[in-house]
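Subject: Structure handover

Hello,

Here is the structure for your files. My notes on the ligand site and the cavity follow it.

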Amino acid sequence: MESIKVFSPGSITNLSCGYDILGMCLESRGDEITVSKTGKKGVTIKSISGFDLTKDINENVSGIAAQSLLSKINLDHGFEIEINKGIKPGSGIGSSAASSAGTVFAINQLLNSPFSLLDLVKFSMEGEKFVSGAYHADNVAPIIFGGITLVRTIDDLDIIPLPTPEDLEVVIVRPNIEIKTADSRKVVKKKVKIEKMTQQSANLGSFVSSLYSKDYDLMSRSVIDQVVEPDRAVLIPEFEKIKMISKLSGSIAAGISGSGPSIFSLSNNRVTSNNILDKISDHYNSMDIDFDGFISKVNSGGIKIIESK
Ligand code: HSE
């Protein structure tokens, strides 16, 4: 195989009760990444379309993740990357993770898969560290493993795939502003009261249980964030109002997607999802707030190969 094109999806992380540890892979939005073998050693970024990003391999997450992979293997050739961004950077649905994970997944395929999925997560995390200032695997894990994942620890990387109830889907609304992950992390207070830690742990445990039991009432009571969301909510136009509209429109739960500004709203049927999206759209339109909204199923397969030759 000389060249491969992959679809690398977006993701929703935190899911309110699992800051930096929970993530969900999306079906509807993603980047298309083509990687080709070249005679020249190392990695180059040949082109980027969709959004304006640097092609400098030391400043672009695809280049950074690819170099992390290449540092672990001796090759007499290199790779050229073409990126078609389908996810806007700074939108809160894992734009950087889609690019870095898609790139290392594609390179691994071209090399006949010498690296494990956990290795690919580790390489991709170098890109996440670069853009956000901190290592976290909550976006890259569900993209690489598919579905919904829990990152138990990043020190001795341990990723736990969780079940996805087949009717679970999500409405995503992104007010048209950019929030850099690094900035959104700066507003999060570093100390948590023990009572909040206790409640958040209980919410996370009961959320995981709700995935196994497909108990949407329990999910609704669990997807609550007392720790991070209060600090970040001020960054997102009309956040509390959108949450309330979601709830009144039948949502299971709603919260900030990743580091924002996207807002996710969980549902278990398309009629409700459409209703949620319509009602939120009406509100943002009435406030003259520019936004983008879509509905996605949970993507259980993760990154997909589009073509190879
Ligand atoms: N868990 C991360 C955060 C996701 O909330 O900052 C952003 O990439």
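Domain bounds here come from an automatic or database domain assignment. Domain 1 (3-162 + 299-308) and domain 2 (169-297) both give residues to the lining of the largest cavity, so that cavity lies between them. This is a predicted model, in which local features need pLDDT of at least 70 and side-chain atom pairs count only at pLDDT 80 or more, while totals for chains, interfaces and linings use all residues. Residues are numbered from 1 along each chain as its sequence is written, and side-chain values use heavy atoms, with hydrogens and water left out.

Ligand site

Polar contacts are pairs of N or O atoms within 3.5 Å. A nitrogen atom of the ligand lies 2.5 Å from a polar side-chain atom of D20. For D138, a side-chain N or O atom is 2.6 Å from a ligand nitrogen. N139 has a side-chain N or O atom 3.0 Å from an oxygen atom of the ligand. The ligand exposes 260 Å² when taken alone, and the protein buries 95% of that (Shrake-Rupley method, 1.4 Å probe).

Cavity

A cavity is a set of points, on a 1 Å grid over the protein atoms alone, where a 1.4 Å probe fits but cannot get out; lining residues have an atom within 4 Å of a point. The largest cavity has a volume of about 60 Å³, a volume being the space filled by probe spheres set on the points. Its lining is N14, S16, Y19, D225, V228, E229, R232, I256 and G258, with three nonpolar, three polar and three charged residues.

Regards

Notes
A polar contact is a pair of N or O atoms within 3.5 Å; within protein, one must be able to donate a hydrogen and the other to accept it, and residues adjacent in sequence count only if both atoms are side-chain atoms. On a 1 Å grid over the protein atoms alone, a cavity is a set of points where a 1.4 Å probe fits but cannot get out, and a pocket is an open set with protein on both sides within 12 Å along at least five of seven lines; lining residues have an atom within 4 Å of a point. Ala, Val, Leu, Ile, Met, Phe, Trp, Tyr, Cys and Pro count as nonpolar, Asp, Glu, Lys and Arg as charged, and the others, Gly among them, as polar.
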